[in-house]
Amino acid sequence: MQNIKEKKCLGCLTALKEENPADFRKLQNRLSRIGGQVKGLQRMMEKGASSPDLMIQVAAVNAALHAFNKELVSLHLSKCLSKDVKEGNTDVLNDFIYNFTKMMR
């Protein structure tokens with residue numbers, strides 16, 4: 001099985017950027033909002049927010065990252081993985097399963 005560092009998938013995001021720039025921008029905006037949420041957590045800590053308030057906001061960041069990751073997995077499956085399998089490269093399935101199980105930890 002290939003190590004993720006050896007094989008980099010740039011195809012799905014590149015294709016999305018070229019084929020549907022609006023959807024690509026939506027993904028970028030989603031990450032920007034998550035970054036803003038994290039900065040908000042830092043500000044809350046600096047201002048002495050309560051632990052329960054911080055925990056709620058951390059849960060919101062986790063949910064936002066999870067939603068982003070679902071979009072990314074869906075994009076990868078529909079753009080890259082399906083193309084590779086159709087071309088007869090089934091090794092990508094093992095790579096995906098390996099990376100997916102790492103992601104689910």
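Here is a quick briefing on the helices, salt bridges, cysteines and surface of this model.

The model is predicted, so local features need pLDDT of at least 70 and side-chain atom pairs count only at pLDDT 80 or more, while totals for chains, interfaces and linings use all residues. Residues are numbered from 1 along each chain as its sequence is written, and side-chain values use heavy atoms, with hydrogens and water left out. A search of the whole structure turns up two salt bridges and zero disulfides.

- Helices here are DSSP runs of H or I with at least four residues, numbered from the N terminus.
- Helix H2 covers residues 21-46, and its 26 residues should span 38 Å at 1.5 Å a residue; the end C-alpha atoms sit 37 Å apart, which agrees. The expected span is 1.5 Å times one less than the number of residues.
- The buried residues of H2 are Phe24, Leu27, Ile34, Gly40 and Leu41. Buried means under 20% relative accessible area, exposed means over 50%, and partly exposed is in between (1.4 Å probe, protein chains only).
- Cover for those buried H2 residues includes helix H1 (11-19) and H3.
- Just after H2, Gly48 takes a positive phi of about 80°.

**Salt bridges**

- A salt bridge is a side-chain nitrogen of Lys or Arg within 4 Å of a carboxyl oxygen of Asp or Glu. Side chains of opposite charge can pair when their charged atoms come close.
- One of the pairs joins Asp23 and Lys26, at 3.7 Å from N to O. Being three residues apart in helix H2, these two are separated by about one helical turn.
- An α-helix has 3.6 residues a turn, so residues three or four places apart point the same way.
- Asp23 is partly exposed at 30% relative accessible area, whereas Lys26 is exposed at 54%.
- Glu87 also forms a salt bridge, with Lys83, and the closest N and O atoms are 3.8 Å apart. Glu87 is exposed at 56% relative accessibility, and Lys83 is partly exposed at 48%.

**Cysteines**

- No disulfide is found in the structure, a disulfide being a pair of cysteine sulfur atoms within 2.5 Å.
- Cys12 is buried, with a relative accessible area of 5%. Cys80 also counts as buried, at 11% relative accessibility.

**Helix H3 and Glu71**

- Glu71 lies in helix H3 and counts as partly exposed at 42% relative accessibility.
- Leaving aside residues up to four places away in sequence, Glu71 touches Leu27 and Arg30. Contact means heavy atoms within 4.5 Å.
- Glu71 and Lys86 are 15 residues apart along the chain, and their C-alpha atoms are separated by 22 Å.

- Val85, Leu93 and Ile97 make a nonpolar surface patch of about 220 Å². Patches are made of residues with over 30% relative accessible area and no salt bridge; like charges are joined within 9 Å and nonpolar side chains (Val, Leu, Ile, Met, Phe, Trp, Tyr) within 5 Å.
- Accessible areas come from the Shrake-Rupley method with a 1.4 Å probe; for residues, only the protein chains shown count as cover.
- Val85 has its place in helix H3 (residues 51-86) and is partly exposed at 32% relative accessibility.
- Met104 is in the segment after helix H4 (91-103), and at 53% relative accessibility Met104 counts as exposed.
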